[in-house]
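Please open the model in your viewer and keep the selection panel at hand; the stops below say what to select next and what is there.

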Amino acid sequence: MTSLDVPTRRPFRAPFRKYQLDNAYDEMFEPSGVPRASYETLHERLGEMAAEELRRRQKAADLSFLHQGITFTVYGREEGTEKIFPYDVLPRIITSGEWTTIERGLIQRITALNLFLKDLYHEGKILNDRVIPREMIYTCRHYRREMRGLRVPREIYISIVGTDLVRLEDGRFAVLEDNLRVPSGVSYMLANRQVIKRVFPGMFSNYGVRPIDQYGQVLLATLRALAPHRDDPTIVLLTPGPYNSAYFEHTFLARQMGIELVEGRDLLVHENVVYMRTTGGLRRVDVIYRRIDDDFIDPLTFRGDTSLGVAGLFNAYRAGNVALANAIGTGIADDKALYAYVPAIIRYYLDEDAILPNIETYLLSDESQRSYVLDNLDKLVVKAVGESGGYGMLIGPHSTAAQREEFRRRIVADPRNYIGQPTLALSRAPCFIDGQVEARCVDLRPYILYGDGITIVPGGLTRVALQRGSLVVNSSQGGGSKDTWVLY
Amino acid sequence: MLSRVAESLYWMSRYLERAEHTARLLDLNLNLMLDQAPDPDGLRWPRLLESLRVTLRANAKTDAYSVAQALTFDAKNKASIIACMSAARENARQVREQISSEMWEELNQLFLQTKRAGRKWKATPHLFFRGVKEGAHLFQGITDSTLSHSEGWHFIQAGRFIERASATAALLEAHVGELFEPSDSEVEHSDYLDMVGLLKSCTAFEAYCKVYTADLNPERIAEFLLLNPEFPRSVRFAAEMIQTALGAIGELAETRKNGRANRLSGRLRAALSFSQIDEIMGGGLRPYLNDIKRQCAQIHTALYQQYVSYPIEAALRSDGKQPNQ
């Protein structure tokens, strides 16, 4: 069927000979095979460039990552394994008009989700009005009872967000996931830009790409905005340490902002004030950009079997002596089952329709939706609600009978823990693979900062499923990334 | 600077200095073996172990290559080269963002190269140990020329020279017997080689000759290794470097400039600057060396108490009502 949709398109020339169009949205080509206006220059340049030349530039980019030590760690083996994050040299281009919609949609969504968190941990009006069923909240393992009634600085719960967007077949952007806890990947966004400027300097300067280098400054200003009552606040980045998969990013951001990178053992709490232990004595800490999950942040309040966090931190937080970004308990709002309610949340707090649509989602705690999903496991995607990074996921069309049986068993045992979604045809973007340009699935994760206002640096991390036909873009599952150009 | 970071830099440097020292001593002793009659009393290797402050397991073999193997590759032996290097690398890894990429790459490469040498080292031990020494020297050079000479660098200096001062004192102490209490049956030729060996253990043979000519004399050797102000492995030189580093740290950390660590290092330096070898010999060389080792340990402890593991209550009190921000 799909090839009949584009019967008249011209055959592709080198280096696009292996490029395929199907029913998914293609970022570079119209269905007729003509390049979209925003991609024209890139398309032209690629046609002129010898494969050898492109290969040389890809190699230069790879080396640059290797030398900078831009790596991540893969879990699930005995000892963390460091890998270079695969990088594709061809940029993904977003037009000014598309970006305006994305920006408006994200600002709307983050505003509403922040109001939702505030309401949820105070009056709970949205529950009383039965927009969201109570049990949906109380059965979520990211709901933190301890946060009820606690006033967070400036009533901002989610200061740093990385929302995953995908492009539907009709070209619209839709939200796939809200990451409201400790979203990662922004260092790759920044590093990708550094590298492409070196690899394609001429093309970059002619394209009119909006800058993203100010991210570090904006992040610092966002954190400073949270500081409780002090003019010159001390801000630190709290990392779980060198064995964490995102440690490179932690060091990178700390350096970009010029703040101290601390581990839990560097901090201590005395009479509800947080201090860090320096060679010059104890120094008071006002804002903590924490890259540690709620569970591990304070052994006295949350999980006791951890040495990553700081004993007594939650009490200091409760006393208003220190700000945390993000706040504790934000995971409730990016629970994958609660995701289905976000359009209703936007309508409830802002009285607006969602600008960026959701993906249709089946809640497996609902009996009729569950039986539909169980009958169609081979067509749908099933995700565990609290997982991230592409772990705990079934992609129906690519699964084996045994895997489907396994998920059926798990769903029946704990339906609240899973959701179902249709298998999406993610949009395709051109990637340089083995000397040819081929189409691969991509998504987009812009980074949203909420301090004095909401700021989104024009860009984001475009993740690529480098395997032909694969839909999984997570770095932990063999995905790569490319630079994202938002045009003026 | 974070106390944890200072601690890691200090130990990174100290462990690497220790690995280099062990490599130098092993290289030299294996080489000396070639020139000398078989070691009839079996004194050489126990003396080496003493100078490195190491005891081997009770049932361990004590022939040259077994000892060298244990001191080089036995990861369970905390004093072995591989264990020291691994500890240096682990400390560096903990503060990877604080050191230069060049430092990390060199240290990482040195560790991997040492580990890979595995069993092959016996064929050409000299080349192997030389690789270790050169790697350590290269790392020090890279550190000096790629890292800002700020607080962290001074902790690196402190670690290196506290280790060096006590290692040189221990080495000299292990040789006191053979230098100053010779038995009658010893052949002169062997004495000479032992003295050369001691100097070469500190790469001091050429430097000594420039000061005193090749006329080797036990008292002068002791004087040179203890009191020479210019030779970088002498105890006095190390003490000066320790004092400089601790003075700078006191300034940069903006606190307690006249702390105990500064006072102790100043005292050690002053004692070495104003000592004369005949007085030292009069009072007994062994007790003098013991005292130096004790002072080095005290400086280490004071450094820890002042900058790393200070009691929280005291730190909260020391700056009045509000701890300094």
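The model is predicted, so to speak of local features pLDDT of at least 70 is needed and side-chain atom pairs count only at pLDDT 80 or more, while totals for chains, interfaces and linings use all residues. Residues are numbered from 1 along each chain as its sequence is written, and chains are lettered from A and ligands numbered from 1 in the order in which they are written.

Select Leu25(B) first, which lies in helix α1 (residues 3-35) of chain B. Leu25(B) counts as buried because it has 23 C-beta neighbours inside 10 Å, the cut-off for buried being 20 or more other C-beta atoms within 10 Å, with C-beta atoms placed from the backbone. Leaving aside residues up to four places away in sequence, Leu25(B) touches Leu48(B), Ser51(B), Leu52(B) and Ser201(B), where contact means C-beta atoms, placed from the backbone, within 7 Å.

Next, display both chains: 23 residues of chain A are in contact with 24 residues of chain B. On chain A, α9 (247-257), β8 (260-262), β9 (267-270), β10 (273-278) and β11 (281-284) each supply at least two residues of the side that touches chain B.

Finally, select the open sheet of chain A, whose four strands follow the order β14-β17-β15-β16 with antiparallel pairing, strands pairing if DSSP finds at least two bridges between them. Five bridges join β15 (residues 380-384) to β17 (residues 418-422) of chain A, and Lys383(A) stands opposite Ile419(A) in β17(A).

Note on methods:
Buried ≥ 20, exposed ≤ 12 C-beta atoms within 10 Å, placed from the backbone. Contact = placed C-beta atoms within 7 Å.
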